[in-house]
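Please open the structure in your viewer and keep the selection panel at hand. The tour below moves from one selection to the next and says what is found at each stop.

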Amino acid sequence: MYNLRLAFKNIFRNRTRSLITLGAIAFGCISLIIAGGFMEDIFFKLRESYIHSFLGHMQVYRKGFFEKGAARPFDFMISDPVAVEKRILSVEHVRLVAPRLEFSGLLSTGDTTVSFIGQGISPHEEKELSNFLFISSGENLSGGDPYGIILGKGLARSINAKPGDPLVILTNTKGGAINALDVTVKGVFYTASKAFDDRAVRLPIGTAQKLLHTDDVQTLVVLLDRTDNTGAVMKNLSAMFKKDGLDLEIKPWYELADFYNKTVALYKRQFMVLKIIIAIVVVLSVFNTMNMSVLERVGEVGTIMALGTKKRTVVALFITEGLILGAIGGIIGLAGGYLLASVISYVGIPMPPPPGSTASWTAQVKVVPGVFLYAFVLAIATSAVSSFYPAFKASRLEIAEALRHNI
Amino acid sequence: MKIVYVGKVTKEFHLGSTVVNALRDIDLTVESGEFMAIAGPSGSGKSTLLNIIGCIERPTSGEVRIDGVDVLNLSSNELAQVRAARIGFIFQTFNLLPVLSVAENVEYPLHLKRERDGKAGKVASILKEVGLERFSRHKPAELSGGQRQRVAIARALVGSPSIILADEPTANLDHNTGTEILNLMKGLNKKFGTTFIFSTHDQKIMALADRVVELRDGMTAGDRCTT
Ligand SMILES: Nc1ncnc2c1ncn2[C@@H]1O[C@H](COP(=O)(O)OP(=O)(O)OP(=O)(O)O)[C@@H](O)[C@H]1O
Ligand SMILES: [Mg+2]
């Protein structure tokens with residue numbers, strides 16, 4: 001207690017220097033909080049964007065589809081999808097289940113014919129899964145019109161189609177025969193993925209099933225109440241499928257979102273560099289302060305050692321000073337970081353469209369407890385580490401020699 | 001009772017290739033309760049001898065016992081303990097900690113001795129003893145030199161050491177204040193029986209000692225009692 005008080009008083013004997021050091025520590029914390037919070041916000045929005053624009057929180061397939069479905073899309077289908085849907089919906093945290101049936105085919109206006117990727121979807125369910133799918137003209141699919149379809153922006157532009165235009169879809173049925181269907185363009189959409197918008201057609205799943213001559217679907221997309229529940233629901237679903245003897249497999253969003261994973265890895269590496277730079281700034285400034293303060297107080301160190309203070313107590317005194325500096329600087333940094341994060345989030349950071357996307361967006365700075373804790377621990381740990389050498393140096397002074405510094 | 005025994009102590013300082021013999025074969029015994037001065041010209045080894053008695057420097061050879069403890073075999077931690085428990089220091093430059101108040105400065109040795117109870121009472125009564133009870137909350141910078149040295153005396157005395165060492169305690173004070181300080185020390189010596197050993201150049205200050213040991217070139221050149 002006495003030592004703590006002494007350390008406290010010593011810190012504030014040179015106010016300007018201590019304030020500058022506190023400033024450096026606080027600045028480090030604030031930078032970490034802002035950069036970390038910004039990054040977490042990007043991760044969060046990117047993740048939610050992927051989940052809600054088409055991935056869902058997890059997807060359920062017939063075993064084998066994920067591996068071999070690309071080459072043989074109709075060999076691994078979920079039969080009696082309605083019953084399976086019901087079973088999945090009975091699990092806690094599941095908000096909805098959306099069936100999908102994908103196929104490829106040709107789309108013709110009469111003049112031009114292009115290939116496309118078709119997604120048979122359930123308009124009602126898919127609305128919740130398409131928060132990041134925007135209609136740029138016309139309207140979205142609805143349950144009412146089985147022969148209305150919507151086109152991706154790039155695809156629509158390539159065949160010069162607009163809402164109201166009649167088109168012909170040509171495709172192979174599940175059995176291999178050729179089938180054609182007259183449809184009408186109801187709307188044009190865009191998503192965060194330009195590649196998707198360039199090729200995609202969406203149509204009601206019943207229509208797709210009719211076109212392919214099947215009652216099955218390939219995918220059941222599962223949406224939950226919260227992303228954090230993904231793991232728990234996956235576990236419950238697997239157990240249920242096993243018990244029911246269903247030959248199904250589950251893929252969570254993070255195994256499906258390759259781009260997300262790469263982005264996260266990249267940002268994290270950049271953030272690591274920032275962390276190191278900030279740690280160095282804090283170490284240097286605290287080291288400088290503690291070193292100066294030992295140099296200035298050689299005489300005092302001689303005095304307290306003459307009075308009977310042990311070497312290790314001298315070390316402890318200076319490290320305590322470093323720790324207090326780190327803690328105060330850290331607290332100022334946390335408060336400042338919180339404040340700045342709130343202001344920045346209120347104003348918003350306009351962001352350019354991510355690669356492969358056409359939609360710009362607004363980033364914020366997420367207040368993540370983990371980042372705050374990290375910044376605080378870093379402030380204290382680096383302060384303690386950087387006061388260690390000066391403290392050690394102080395404890396190694398020869399008492400008689402040190403006493404001569406008192407003039 | 002022998003409180004200090006110094007036997008055949010020598011101290012050499014090596015400065016490059018030259019060797020300075022600060023002390024040569026010093027023998028000295030101090031009885032408990034003495035009020036003793038170490039005199040001698042500049043460079044004669046007064047500070048060196050006090051530092052060795054105070055366990056803050058080790059002799060090159062010889063024997064040193066404080067309160068019966070052979071201090072030359074102790075580790076630096078153990079020496080720190082001996083200093084905290086048995087020795088009080090008064091310095092020429094006062095050496096109070098500037099960030100602490102008068103009372104906190106005086107409390108320091110009690111904190112080192114890990115005393116828990118009655119610290120405030122001890123500090124108050126010792127401050128009264130040196131006539132500074134009204135200054136307990138002041139910072140050292142707000143005091144005169146003489147007042148600072150009184151605080152230092154209180155700090156040296158508060159832990160009830162067996163011996164107080166004072167290296168030129170009056171050298172930074174004017175003559176009158178110096179005499180006052182010496183008289184205060186002498187009064188405390190008589191009142192509490194604490195052994196005092198101080199060094200000085202000043203003939204008049206020296207005259208206040210009960211015994212004067214004279215050093216010259218690191219050797220004892222005289223040892224006389226004045227009472
Ligand atoms: N750390 C040291 N390194 C080298 N020589 C030293 C050291 N300390 C003392 N000496 C030398 O030892 C001798 C005795 O010094 P000391 O300080 O004990 O003298 P003193 O009697 O206290 O002198 P003064 O009255 O000036 O304080 C001197 O010649 C001094 O130069
Ligand atoms: Mg001297």
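This is a predicted model: local features need pLDDT of at least 70, side-chain atom pairs count only at pLDDT 80 or more; totals for chains, interfaces and linings use all residues.

Begin by selecting strand 2 (residues 94–108) and strand 3 (residues 113–121) of chain A, which form a hairpin with 4 residues between them; in the turn, Gly110(A) has a positive phi of about 105 degrees. Strands here are DSSP runs of E with at least two residues, and helices are runs of H or I with at least four, both numbered from the N terminus.

Residues are numbered from 1 along each chain as its sequence is written, chains are lettered from A and ligands numbered from 1 in the order in which they are written, and side-chain values use heavy atoms, with hydrogens and water left out.

Now move to chain B, whose mean pLDDT (the predictor's confidence in each residue, from 0 to 100) is 95. An open sheet of 4 strands in this chain has the order 2-1-4-5, with antiparallel pairing, and its edge strands, strand 2 (18–31) and strand 5 (69–70), each pair on one side only. Strand 4 (residues 61–66) pairs with strand 5 over 2 bridges, and Arg65(B) stands opposite Asp70(B).

Next, select Ile53(B), which, leaving aside its neighbours within four places in sequence, is in contact (heavy atoms within 4.5 Å) with residues including Val4(B), Leu28(B) and Ile197(B). These four residues touch the most other members of the largest nonpolar core, which has 100 residues. Such a core is a set of buried Ala, Val, Leu, Ile, Met, Phe, Trp, Tyr and Cys residues joined through side-chain atoms within 4.5 Å, and buried means under 20% relative accessible area with a 1.4 Å probe, counting protein chains only. The largest share of this core, 11 residues, comes from helix 2 (residues 15–55) of chain A.

Key:
Two strands pair if DSSP finds at least two bridges between them. Buried means under 20% relative accessible area, exposed over 50%, partly exposed in between (1.4 Å probe, protein chains only).
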